[in-house]
Amino acid sequence: MDETQTTCATPVSTNKVSLACTPVRAVIRIRKKIRTLKGKLQLDVTGGRSLENAKACQLRRQRSMDKALFKTSIYEKPDIFNFETSSVEKVALSNLKRKSKKRRKSRNVLYPGNSKKYLPVEQKSKAKRCLILLIGIICFQILNAIENLDDNVQKYDLDGLEKTVQREVFGQKYAIERIMELLKDYLATHYHNKPLVISLNGPSGVGKSHMGRLLAKHFRSVMDNGFVLQYYVMHNCPKDENVVNCQKELSSMISDMVTRAEIEEKIPFFIFDEMEVMSSVLLDVLQGYFQVDQSNEYLNAVYILISNIGGNEITKFVLKNSSSNVFNFQLDLHNIVLSSLRNHHSLWDVAEIVPFTLLEKSHIVNCFLDELLREGFYPDNNNIENLAGQLNYYTKEDKQYSISGCKQVVSKVNLLHPYM
């Protein structure tokens with residue numbers, strides 16, 4: 001009896017099984033044709049195989065296909081049979097393909113164990129070479145500028161000046177350091193935006209004029225004599241002298257010196273002593289040369305102003321604070337002297353103030369020793385102590401400050417000549 005008749009003749013209680021009868025028949029016919037074709041192909045391929053093995057394999061495949069057809073015929077309930085995939089299956093296949101692509105992309109590249117790994121070659125930029133060249137040029141210019149600064153300082157021999165001043169000026173350590181600092185900074189180059197004005201102030205006999213003479217002597221030796229001017233107010237322009245003539249003479253000297261110094265690229269030095277007796281007309285003339293808005297040759301100059309202005313204020317301040325340790329001793333002295341100078345004239349507003357303090361008795365002893373050696377006397381300590389004791393002092397607790405400083409040292413030593 002045929003299989004199609006048996007499947008259709010069986011009574012079905014529900015309408016669901018009857019509806020599936022027609023497609024099942026078509027499936028069975030197609031299955032038979034496929035089975036016969038596969039049997040022929042297997043016989044051709046196997047060749048030497050036995051028919052029993054081929055039949056056994058054929059039976060197994062038939063049973064598996066029957067089970068699959070039975071399941072799809074009852075549970076999947078297809079209305080029309082076709083070989084095309086549904087839309088749901090297409091979506092599922094597309095998702096699988098995407099996942100597989102992502103997995104393939106995310107996989108790490110595996111190199112063979114016996115091969116070398118080469119990193120990607122980086123292309124060298126030409127801008128780096130230009131940057132290195134620019135840095136080298138800048139460093140070379142900086143080194144060249146530093147060498148030029150050293151050459152300028154060596155040209156004026158400021159190290160030798162500092163040794164001379166420290167050896168011959170006593171009791172003014174801060175003043176010496178400040179003056180040398182200002183000179184080194186200013187003389188390091190030839191071009192400036194303003195002249196250097198240094199004001200040496202303090203009581204009589206503390207070494208201000210001696211400092212001015214040492215500066216003039218030193219810069220005359222390293223430069224020409226025509227670039228150093230020592231101007232003593234009481235000698236060059238006394239009170240009974242015509243102030244107008246002094247004004248013209250001073251202006252011509254300054255103009256002539258700065259013009260010649262600019263041609264030879266040198267910095268002139270103007271040392272003015274006894275500024276406390278200088279007339280207001282001459283002070284106005286000097287103030288005009290200290291301004292910033294003038295030609296370049298007038299900006300490259302050093303002015304040393306020596307005066308006793310503020311000396312009494314320095315003496316009072318030192319005696320008052322001799323026993324106490326004042327934290328800003330030099331700063332307080334600077335402010336005291338500056339207030340006195342501003343009351344005298346506005347010239348000192350642009351000046352660097354360097355106060356000279358009182359000298360102690362030990363400094364006076366050194367002054368006598370130095371002067372005795374200059375005059376060729378034997379440096380007897382007892383004789384030096386006797387000479388130093390002949391001077392007058394301010395006594396403040398355990399310290400003694402000289403009233404006249406070292407001003408009377410030369411006269412005291414000169415009195416020894418008749419007895420030698």
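Me: At what angle do the axes of helix α11 and helix α12 cross, and within what distance do they come?

Reply: Two packed helices are described by the angle between their axes and the distance between the axes. This is a predicted model, in which local features need pLDDT of at least 70, side-chain atom pairs count only at pLDDT 80 or more, and totals for chains, interfaces and linings use all residues. Residues are numbered from 1 along each chain as its sequence is written, and side-chain values use heavy atoms, with hydrogens and water left out. Here α11 (residues 243-263) and α12 (residues 280-289) cross at roughly 20°, and their axes come within 9 Å. Axes are lines fitted to C-alpha atoms, for helices over the stretch in contact, and angles run from 0 to 180 degrees between N-to-C directions. Helices (H or I, at least four residues) and strands (E, at least two) are DSSP runs, numbered from the N terminus.

Me: Why are α11 and α12 called roughly parallel?

Reply: Angles under 35 degrees count as roughly parallel, over 145 as roughly antiparallel, 65 to 115 as roughly perpendicular and the rest as oblique. The axes cross at roughly 20°, and α11 and α12 are therefore roughly parallel to each other. On the α11 side, the contact (heavy atoms within 4.5 Å) is made by V243, C246, Q247, L250, S251, I254 and S255, and on the α12 side by V281, L282, V285, L286 and Y289. These residues divide into nine nonpolar, three polar and no charged. Ala, Val, Leu, Ile, Met, Phe, Trp, Tyr, Cys and Pro count as nonpolar, Asp, Glu, Lys and Arg as charged, and the others, Gly among them, as polar.

Me: How do α7 and α8 pack?

Reply: α7 (residues 158-168) and α8 (residues 173-187) pack at about 165°, with axes 11 Å apart. The two are therefore roughly antiparallel to each other. From α7, L158, D159, L161, E162, V165 and Q166 meet I176, M180, L183, K184 and L187 of α8. By class, this contact has seven nonpolar, one polar and three charged residues.

Me: Which residues does α8 use against α9?

Reply: The axes of α8 and α9 cross at roughly 30° and come within 13 Å. I176, I179, L183 and L187 of α8 contact M211, L215 and F219 of α9. That set has seven nonpolar, no polar and no charged residues.

Me: How many cavities does a search of the whole structure find?

Reply: Rolling a probe the size of a water molecule over the atoms shows where empty space is left. On a 1 Å grid over the protein atoms alone, a cavity is a set of points where a 1.4 Å probe fits but cannot get out, and a pocket is an open set with protein on both sides within 12 Å along at least five of seven lines; lining residues have an atom within 4 Å of a point. Grid points are joined across faces, edges and corners, and a volume is the space filled by probe spheres set on the points. The search finds two cavities of 30 Å³ or more. The largest cavity has a volume of about 60 Å³, and its lining includes S209, R213, Y231 and D273.

Me: What is the volume of the second largest pocket?

Reply: The second largest pocket has a volume of about 640 Å³. Of the 26 residues that line this pocket, G207, H210, R213, C406 and K407 are the closest to its centre. The lining has nine nonpolar, seven polar and ten charged residues.
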